[in-house]
Amino acid sequence: MKALVYTKPDEVVYRDEPDPTPEPGEVLVKVAATGICGSDMHAYHGHDPRRVPPLILGHELAGTVASGSRKGDCAVINPLITCGACGYCESGRTNLCLSRELIGMRLAGGYCEYVKIPERNLVPIPDTLDMVHASLTEPAACAVHTINMARMQSARPLSELKTLIIGGGAIGMFAALFLQNSGNRHVTVAETNVLRRETLEHYTQCDVCDPSDGSEIDADAFDLVVDAVGGGVTRALASRVVSPGGIFMHIGLMDSKEGLDVRKITLQEISFLGIYTYTREDFRATVQHLADGMFGELEWVKTMPLAEGAKAFDDLANGRISAAKVVLLP
């Protein structure tokens, strides 16, 4: 099969790879669409020691089941493989499973023609949802899980909270749209890339700002802050602008640099919550949210052939793409 393989830092190569062979309990899926995640870009730059080249990256995908009893079905792949038997899995917190694996990290991912996956990780696609939009389930589910967890932390409805989202990539975009379409009219998105700011301004009704332009965001100004970047500089920004008694949701994993103001978090009783992916229930619910139009028409998604994947990665790395999400098509 053809695959886009991460071979060394700042290089992915489109080449022939052996077809995967499903193990017992697994099925083969013919990939129709696979999104490029920020974590894939992190790996591409050689910044993720868990992703060792040569490796087929990619964990945001949809396709057609090519083997087993569900052959011919259209499905989204939940890329988070868990044991299903530990206390976390049995209580519904599957994302905390100590045996969890994510395809495209150690296991081969979805930038290819065929991928193998446990059959239990298949989620049916409604007839109203096309493959490209279905492949957005994974990043959208991350946003849904983030906002759901924030709702559980908040003493007031989320629609009342003045909110800042740091980062206008896919998770930031989905979080903004989810909040906006749930009744929140007080959402600001901070994004440094001018092309992405234009996309946000066009496809959302959120306020959009450039946190690097010298105009400082007021301190203590936001009841809810979502850091969808996760760098030292964004943690410092979030720590400064979150209000006393506010909520700071940290989902990005760009680096481990300093920036978190634990003194302020302590003295002002700020709720800080780290977020990792989503639960199975979040994932299934997000498929339906996409089918129901919760996130709008999704016209801000850009598609490119898998064969042009090297160009897609290079364009994203150099800020030449305005889309919050690029999806590769085998």
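Val-132 touches Ala-33, Val-301, Thr-303, Val-327 and Leu-329, leaving aside residues up to four places away in sequence, where contact means heavy atoms within 4.5 Å. The structure is a predicted model, in which local features need pLDDT of at least 70 and side-chain atom pairs count only at pLDDT 80 or more, while totals for chains, interfaces and linings use all residues. Residues are numbered from 1 along each chain as its sequence is written, and side-chain values use heavy atoms, with hydrogens and water left out.

Val-132 itself has its place in helix 3, residues 131–134; helices (H or I, at least four residues) and strands (E, at least two) are DSSP runs, numbered from the N terminus. The C-alpha atoms of Val-132 and Ala-62 are separated by 7.5 Å, although these residues are 70 residues apart along the chain.

**Helix 4 and its two partners**

Two packed helices are described by the angle between their axes and the distance between the axes. Here the axes are lines fitted to C-alpha atoms, for helices over the stretch in contact, and the angles run from 0 to 180 degrees between N-to-C directions.

| Helix pair | Axis separation | Angle |
|---|---|---|
| Helix 4 (residues 137–153) and helix 5 (residues 170–180) | within 8 Å | roughly 55° |
| Helix 4 and helix 9 | 9 Å | about 110° |

Helix 4 and helix 5 are therefore oblique to each other, whereas helix 4 and helix 9 are therefore roughly perpendicular. In these terms, angles under 35 degrees count as roughly parallel, over 145 as roughly antiparallel, 65 to 115 as roughly perpendicular and the rest as oblique. Helix 4 passes helix 5 in a right-handed crossing, and helix 4 passes helix 9 in a right-handed crossing as well; a crossing is right-handed if the near helix is turned clockwise from the far one by less than a right angle, and left-handed if anticlockwise.

On the side of helix 5, the residues Pro-139, Ala-140, Cys-142, Ala-143, Val-144, Ile-147 and Asn-148 of helix 4 meet Ala-170, Ile-171, Phe-174, Ala-175, Phe-178 and Leu-179. The residues of this contact of helix 4 with helix 5 divide into 12 nonpolar, 1 polar and no charged, where Ala, Val, Leu, Ile, Met, Phe, Trp, Tyr, Cys and Pro count as nonpolar, Asp, Glu, Lys and Arg as charged, and the others, Gly among them, as polar. In the contact with helix 9, Thr-137, Glu-138, Ala-140, Ala-141, Val-144, His-145 and Asn-148 of helix 4 meet Asp-282, Phe-283, Thr-286, Val-287, His-289 and Leu-290. The residues of the contact of helix 4 with helix 9 divide into 6 nonpolar, 5 polar and 2 charged.

A pair of aromatic rings is described by the distance of the centres and the angle of the planes. Rings of Phe, Tyr and Trp (its six-membered ring) pair if their centres lie within 6.5 Å, and planes under 30 degrees apart count as stacked, over 60 as edge-to-face and the rest as tilted. The structure holds 7 aromatic pairs. One of them joins Phe-174 and Phe-295, which are edge-to-face at 4.9 Å centre to centre, with 80° between the planes. Phe-174 lies in helix 5 and Phe-295 in the loop between helix 9 (280–292) and strand 16 (301–305), so the pair ties together parts that are 121 residues apart in sequence.

The rings of Phe-174 and Trp-300 have centres 5.2 Å apart and planes at 65°, so this pair is edge-to-face too. It links Phe-174 in helix 5 with Trp-300 in the loop between helix 9 and strand 16, 126 residues apart. Phe-174 counts as buried at 0% relative accessibility, and Trp-300 is buried with a relative accessible area of 4%; buried means under 20% relative accessible area, exposed over 50%, and partly exposed in between (1.4 Å probe, protein chains only). Phe-174, Phe-178, Phe-295 and Trp-300 form one aromatic cluster.

Helix 7 (residues 232–241) is mostly covered, with 7 of its 10 residues buried. These buried residues pack against strand 10 (163–166), strand 13 (222–227), strand 14 (242–250) and helix 8 (262–267).

In the loop between helix 1 (38–44) and strand 4 (60–65) lies Pro-54, and the peptide bond from Pro-53 to Pro-54 is cis, with omega near -5°. Asp-10 has a positive phi of about 65° although it is not a glycine, and Asp-10 is partly exposed, with a relative accessible area of 46%. Thr-277 has phi near 50°, also a positive value in a residue other than glycine, but Thr-277 counts as buried at 8% relative accessibility.
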